[in-house]
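The entries follow the order in which I looked them up.

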Amino acid sequence: MQAFGFFNTLPLSIQQNITSHMIIKKLAKGERLYYEGESVSSIFLISQGSLRIHRCHDNGYSVTLYRVDDEVHNIDIVSASQMIPALGTAEAEVDSEVFVIDLELLESVLADHMGYKAFLLQQAMARSEYLADMIHTVRFSSLDDRIFSWLKQKSQKVLRVTHEEIAYYHGTSREVVSRVLKKFEKRGLLRLSRKEIALLDTPTELFA
């Protein structure tokens with residue numbers, strides 16, 4: 001919990017109260033923490049790993065709303081704090097660890113704590129910025145550009161990811177993703193092999 005700034009400013013008795021009631025939940029890659037529309041009554045703080053929050057369509061495709069990791073820390077602060085259904089399904093991108101803390105407990109001991117309030121506001125603003133960027137990207141960027149940017153953001157030369165996983169993340173079909181990746185391979189941007197994509201040295205902005 002020391003990674004969360006507001007926690008370190010709390011009296012020791014309150015820190016102990018929170019940690020004694022906290023649940024540590026481990027998630028395997030692909031495991032869901034909660035589902036879209038589910039009532040969220042806890043705050044989830046990521047201590048390790050990363051999760052993405054996405055919405056699913058009736059056709060089976062999903063659209064990523066935002067993602068969080070052990071640097072951003074919190075997951076669905078808005079749904080929890082306002083007691084509204086979860087905006088999307090939270091799914092572990094890699095093996096992850098999450099601190100689960102009951103919202104009523106936090107509100108009862110931290111209702112007037114300015115550091116905690118600032119933390120909530122910071123998290124809500126981060127979500128709003130991410131969603132605004134996502135809407136802008138979907139509206140003004142091609143699928144080719146979005147997939148290429150997503151691959152480059154992984155900061156790894158060799159990605160162990162399937163075409164199905166890329167398609168699921170971007171809300172499209174495996175066939176479309178395969179065509180896009182083949183196009184990239186012909187242009188010398190990457191090399192494809194079974195369940196692996198090796199990125200070659202290329203400019204970050206492919207379609208500038």
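I took accessible areas from the Shrake-Rupley method with a 1.4 Å probe; for residues, only the protein chains shown count as cover. On that basis I noted an accessible surface of about 11500 Å² for the chain, with 53% of this area belonging to carbon and sulfur atoms.

The model is predicted: local features need pLDDT of at least 70, side-chain atom pairs count only at pLDDT 80 or more, and totals for chains, interfaces and linings use all residues. Residues are numbered from 1 along each chain as its sequence is written, and side-chain values use heavy atoms, with hydrogens and water left out.

I looked up pLDDT (the predictor's confidence in each residue, from 0 to 100). Its mean over the chain is 80, and 80% of the residues reach 70 or more.

I then turned to burial (buried is under 20% relative accessible area, exposed over 50%, partly exposed in between; 1.4 Å probe, protein chains only). Of 208 residues, 44% are buried.

I listed contacts (heavy atoms within 4.5 Å) of Leu181: beyond four places in sequence, its partners include Ile147, His163 and Ile197.

Lastly, I found Gln15 in helix 1 (residues 12-21). Gln15 has a relative accessible area of 15% and is therefore buried.

Key:
Helices (H or I, at least four residues) and strands (E, at least two) are DSSP runs, numbered from the N terminus.
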